[in-house]
Structure formats: structure tokens, C-alpha cells
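Have the model open as you read.

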Amino acid sequence: MKRFIVKRLGYSLLSLLLLTLIIFLLVRLTGDPSVLLVEPGASKEDLVAIRAQLGLDRPLWVQYGQFMSSLLRGDFGHSFYYRTPVFELYLSRLPYSLALALAAMAFSLLVGIPSGILAAVYVNRWWDSAGKIFALLGLSLPSFWVGLVMILFFSVYLGWLPSSGSGTALHIVMPAFALGWYFAAAHMRLTRSSMLEVLGSEYVKLARLKGLPEKFVIAKHAFKNALIPVLTLAGINLVIMVNVAVVVETVFAWPGVGRLLFEGISFRDFPVVQATVLIGGTMIVIVNFFVDILYAVIDPRIRYER
Amino acid sequence: MSALLEVSGLSTQYVGARGTRVTRAVDDVSFTLEAGRTLGIVGESGSGKTTLALTLMRLLPPGARIAAGSVRFEGEELLHKPEAEMRALRGKRIAMILQDPMASLNPLFTVGDQIAETLRVHEHMSRRGAWTRARELLGAVNIAAPERRIGEYPHELSGGMRQRVVGAIAIACGPKLLIADEPTTSLDLTIQAQYLQLLREIQRERGLAMIFITHNLGIVAKMCDAVAVMYAGRLVESGPVRRIFDAPAHPYTQALIESIPRFGDTASRLTAIEGQPPDPAALPPGCAFHPRCPLVMDRCRVEAPPDLEVAAAHRARCWLAVEMPAGAAAKG
Amino acid sequence: MNGSRTASLTVAWRFASLRVEGFPWIPALILGVIALLAVFADVVAPYNPEVGVLGDRFRPPAWQAGGSEAHLLGTDHVGRDVLSRLIFGARVSMVVGFTAVIVAGLLGTTLGILSGYLGGWVDQVIMRVTDTWLALPALTFAIFLAAVVGPSMWNIVIILAAVYWTRYARVIRGEVLSLRERDFVRLAIVAGCSKKTIMRRHILPNVLNSAIVLGTLMLGVVIVTEAALSFLGVGVPPPKPAWGLMLADGKKGLMAGYWWLTVLPGVCIMLMVLSANLLGDWLRVKLDPQLRQL
């Protein structure tokens, strides 16, 4: 087991390294770094000065070294607009995004799991068909459009819910729904297929052969087992939600990291944009690592693979 | 005295998508089983033996239906019973053991929990009572240190122990009939003998009747009083074990017996049966075995032989049984 | 170029031999209509989508009070005809969507084949890069790239392809790994074919199924992402009419109740994505039942 963890750790670290390399190269090679890394509106002389200061005329690997060393110190640059270190800025906004993601996740699980179970138990009957339609809609409707339409209905026409900002519990309702909608459909689909697989398993067969009532079989034997892959997916999706929330946060002016990213591109605040990608990617690599370990704990076969 | 289990004319079919293909998984099967006796059901994979077992328990997958026949257990007709009554029967009066113990046990619950479950549902025992009884049952299936094992999870036990747990679950409520579907196939050879020994003990102690489904004739010889041979969903031969082994009437049975390698055999090659078992959805006309039969006659290709009596309690579906006088079957 | 001819013949044959059973007519029809509108936009659209009459702003659709038949679906905040913009937007969505999917497909499939077939360190390197690339959150990464290279319609296509090629690489690699063990490949090796030939003539036509199915499924994702990018202002730049852009503009009128500027473009996106998904699902079941896990 230890060997497995070490191996996976090595892979993750390699991924993180590659991540920074990819971002670094993309900026240096495809864009004009001197324009990007400099405040908008700088004069020609400023540009020259900045080039020297940032070492943009040094060889690439030296620049990369500089880049990495500042990253490792937690220095992701300074925001042009806010005039504060980007990392601090990001961290100050992160709790809002996490709150939104958690609310959206709760919604998606509360809707997704029961409907997935019902769709599996009543497979190919009414509930399943309804579930399929729901899944299709969830995967086809862009989250930000759902948000906009909800504002139209609940803020403009009905006046029940506030359309932007944060502050009260009511403020989180629509953004959470808009963000969670897609994931509710994804979770429903996975719950359904996982449940179907479990319902066809040998131990469920034996449970029925033991004469246990069907509801009992589903609630006790099938449910717990079916939930494992769903919950691990949910863990990964939580982090994905934080990243994907850009548009929803923009629509609802929710002050999370997604909105920060939007501000970054609106104000040509490149350090913010770059940092968001780096941190976002890092979070996903970390979560993937933990999920892999978790799977190995649950299923001993995985430890001896590869 | 009526038999414990009387099956007559049982037929189960799988209906393909959109009702187009009909596969006859079990076709006109009849046999009886007395209390305390063991019947072996032998056949290759795809012969329908597992479907037969599931039909008796009325736990067929969706898409399968019982087309005809009757199953009488302790005088009651099972095929028309409402589901609630069947459920009361399963696990309590008729129990079943499946092939792969690792897959049969839920990995998330302890061994004790899974035994106690049956007791609580059927005997309405309290948690404590069920737990105590579960411990006793673990001892009854020869698991050492049952107080420790009872709290363990399936993956912490060895394969042989797991199958014993499955056995404990089966006998927990004192059934009259135990159906064992290839219970030793997943076990190591050395463990197999022990497990069979255990089953015999349990059977003797509790007066259990057993249906033993296997593809291994050696086990049948050791464990069973009577044997029924299945091929392509039909019962092609049935009778007392001694008789079937000494004088098999159906060429398939003969071939099966011959293909068992024996010590002292001086022949240099193993005898195998030519050809493959037929696709259940596309059975050949006439006798299903005729493409592979060394003694095939023209009649076999056209007409499926009925269930004919060869001798007392010895039946076979073969046109040869008509031609040959009872008791004088020559080895092929 | 035997391999590519085999490949294109295979694609044609596969499509021709698809039976009509269960064919999703409505989604196909919808996609067909959208495609036609995209191609013939200049002829079909009543107005120039980029020019507006300022005096005619925020007109509601014809069936509402204040609407007129001159503008069936109303006008936007600078007086441009919504219907025309929707029609021309179809062109943008189609072009960007299809091109990005095809480019991503080409890149991802090639890498997947190389990685899966050649194995060894090539595989390791490509896989590590792919996994890492996959860890980059798609939308965020796309925004980042847009910030780096600057938004224009063709840049967006390249960006989308750059973000989504990894989906293909993973799946195709998996297929190739199992194909490698099949007899006809082994026969080719024994017969002395070069690796390049085998990859081109034997592996490629057989992974096309998966690539095509994946393509239809990715089309929806790509379009939604493009709409999101345009909505945020880093996608197709104005005044070009992209549905995502229309949604961004529509937001301005939202609080005032100008619903048609928000609902209508979204409906278009939804129809296109829904149809692509349904078609993809049908293709997936038809072309290879084994792909059901996709």
C-alpha cells in the first residue's frame, strides 16, 4: 500500500510540475509576455524597463526557474487592479466559492441520488423515463442560462429572490440551483448506473434468495454499495464546481473566485487570470490524488495494479 | 408418502428484446426428490442448470418467464404462490448457495450481520439473540474461533471460510431443501473435499434434502443419491447414481463418464466430446445432442425423443432406449 | 495514402449502413435546419445582424404588445434585429463548434493512437501530459488562453481544440490498447508491416467509431463553452453575432423585463446541444454497443 501511495504521490508531483510548465510556456511562447505581465496603459519606456526587470530577455529555463521559485514561495504576482498580492486576493474570495459549491453540491446530491435510485429500481418504467429526460436537460442547458432565466422569473416577474450579491441565505438559492443543475443530472446518471450494477450483483441475488423483503434489500444492501462511486465523483465535482462557477458567479455577482477571474479578464489583470488557472489546476490534481488513494483503500485490487 | 419436491414439465423461457427471440433455457424438466436425499444435476455451462435452480426459487431475471409446468414442495404448488409467500419460503424452507462466495457476500457488512439478517427476518429474533445464534452457526460449519470471525468482513476471510459462511446463512433457519449451485467450483482443490465433507455432515445432522448442481461427475459420484443430466435445457437422463455410472443409457452421459481421466488408463489421449454445446437460442431440430452423438440415427435428426423409461427410476431421452431392452445397455 | 482512403471509405460505409431503426429524426432535423440557416444566413435573415437602428431599441417580439411584424423576434439594446442575429449566430456556433471538434479530434486521436500503440516512454510522456492537461479546468483554462492570445473567432476555435483534445486522447488510447491484442494486428506485425502502416491502415479505421461518437458528444460541450466564453466577453468578439454574446447583451435588459433577449438565444443553444447529444447517444448505441460507458 505504501508503495502505491508513494507512486501516486510521484505522479501528482510530476503533474503539478507539468502544470506550471505548460502555463509558463503558453504565456512565454504564444502571447507577448511583456504586454501581458505589465499593467494596461504602460508607456513604451515602462515596457522596456519591465522587460529587463522581469528578466524577459534571459534564456527560457532561467525564466522558468524564476517563475517556479516565486510560485513555491506563494508569490503569484500582484493584481494590477487591486494592488494586492494575488494569492491573498484569491484566498479571500475562496470561501464564497466554496460556500456556493457546497450549496450546489447539496442540491445536486439531494436531487440526483434519490432520482437515480428510483430510476434504477423502476428501470425502463415511468420514473426511469422521467429521469432520462431530466438527465438530458441537465446536460444540455448551460448553467448560466438557467441562472438568467431564473432571475427573470424569480426576481423580475415574481420578485421573490434577490438577483445579485451575497449576504442572506436567499442570495445563495438561485446561484446554487443554477450551478448544481448540471451536476444533479450527472449524479443522477451515475447513481442510476451504479445502482443497476449493484442490483445485478451476486450478493443482492443472495439477499433475495435469503428471502429478505425487496425494500430491505434495496435500502440496506444495494444503497450503500451503489453510493461509493457517486460520492467519490461528488468529491471531484466539488472542486470542479469551484472552477466552473465563473459564469454563474458573474451572472449573480457572487463574490467568489470565479467572479475574480471575470474581473481579471475585464480589467486586463493578467496575474489574476494566470493565478486562477494555476491554483484551479493544482486543486484538481490534489483532489484526484486523494480520490485515487480513497479508491485503493476501498478496493484492494487497485493497489496492485500497474 | 409424497416426495419433498416434485417437478413436472417445467419450462422456462427467455424472451429477447421486443419479444422476437425465445430461448428455451429449461425445457420440460421433471424429477422428484425425497426428504433427506441428494440429487445431482449435471451439465455443461449453458445447459440450463442455474436457470432451473432460479426457477425453483422463482427468482428469475426480468425477461425470463415460466412457460409451463408445476413445482410442488411439501405438497404446495410453488408456481402460483404470491410473492409474499415465496419470500417467506426463501431462506427459511428452501435455501440456496451460490458459486462465488466473495461475490455472494456484501463487502460492506460483517459476516455476523449477514447471518443474523436471515434470522431476524424469518425468525423475528432480537439482535442479541440473532447474533448468538449466528455464532453457533459459525461453529456448526467448522469455523474456528467464531467469536472473533463473527465481527469480521468478508475480505478478511479465506475463500473456504467464506463459502462456509454462505453455508451457515443457508442453514440458519432450518430449511428442508438446500440448493447448491456449483458451491465448490471457486474453491481450491484441497478445500473442496473439506467443504463437501461439511455439507454431508450438515445434511445428515439436519435431514436436509439437497440439489447439487455441478459439472463435475466426480463430486456427483461422491455426494449424490440420484443424478439428472441436463443438455440444452432438457433432462436427458436421470436415475440412481450407481446405475447411471454403471450403465448410462444416453450417449451424452456415456461420453461425460468416459471423459473423466482415470488413474491406470493406458490410453494415450483424453477422450473429449466432439463439437460444442448448441446455442440455446438456435437449437438443432430433433434431439438436441444429435450433431455430436456417436450413435446418431436418422430418427434423431428429425424427432426429439420423449422421456423414456429404461429401468426402474431410470429414465432417458434417447431413441436408443427404445431399441435397447432395459438393463442391457452396451457401453459405447 | 492508403490509410486515409480506407479511413474515409470506412466512415462513408458506416454511415450508409446505419439502419433507420430508432433514428432520432427530430434532433437530426433540428441540426439540419440550423446547418441550413448557417449556410444560407445571408439569404434567409431579414436584416444585417451587425447594424442596428437606435430609434428601434428593445422592441419585443411580434406577438407582444409593442412588437411589430418588421421584427418578428424583437430588437436588442442597439436596435439590431434579434431574428437575424440568431440566424447568423447559428453560423458562428456551427463553424466554431464543428471546426473545434474536428481539430480536437484530429489531434487527440493521433496522440491517442501513438500513445496506445507505441507504448513505452512515448506512452508515458503523452499520458502524463494528457492527464495534467485534463486537470486544468476547461473553462478557466479557455479563459486563460483567451487572455493570452486575444479573442477572435479563429483563436477561439484553436483554444477550444486545445482544451478538449485530451478527451479524445484518453478514450482512443484505451481502444488502441485493446485493439493491439487483436489477431488482425498481430497478423500484420508478423507479416512485417511497419508500425506506421499498421497504425494507419489497421488501427485508425477501427477507432473511427469512437472518435465519431465522441465528436458528437463533444459538440454540445464545445458549444456551451463557446457560449460561456462569449458571454464573459472573451469569446467571439462583437459585433459578430454569437448566441453567447447575445446572452451577455440580454443581461443588460433583464431587470427591465426584456425577456426575449435572454430566453431566445438560450433556447437556440439548448436546441443545438440537445440535438447533438441525442444524435450522439443514438450513434453510440448503433455504432458500437461497447461504447455505452462513454
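Two residues count as being in contact when their C-beta atoms, placed from the backbone, lie within 7 Å. By that test chains B and C do not touch, and their nearest C-alpha atoms are 13 Å apart. A word on bookkeeping: this is a predicted model, in which local features need pLDDT of at least 70, side-chain atom pairs count only at pLDDT 80 or more, and totals for chains, interfaces and linings use all residues. Residues are numbered from 1 along each chain as its sequence is written, while chains are lettered from A and ligands numbered from 1 in the order in which they are written.

Now for the pairs that do meet. Of the two touching pairs, A and C make the most contacts, with 43 residues of chain A against 38 of chain C. On chain A's side, α13(A) gives the largest share, 10 residues (helices are DSSP runs of H or I, at least four residues, numbered from the N terminus). That side has 30 nonpolar residues, 13 polar ones and no charged ones; Ala, Val, Leu, Ile, Met, Phe, Trp, Tyr, Cys and Pro count as nonpolar, Asp, Glu, Lys and Arg as charged, and the others, Gly among them, as polar.

Zoom in on I143(C) and you'll find that, leaving out residues up to four places away in sequence, I143(C) touches V246(A), L261(A), I265(A) and V273(A), plus L229(C), L232(C) and V234(C).

How far to trust chain A? Its pLDDT, the predictor's confidence in each residue from 0 to 100, averages 84, and 92% of the residues score at least 70.

Note on methods
Helices (H or I, at least four residues) and strands (E, at least two) are DSSP runs, numbered from the N terminus.
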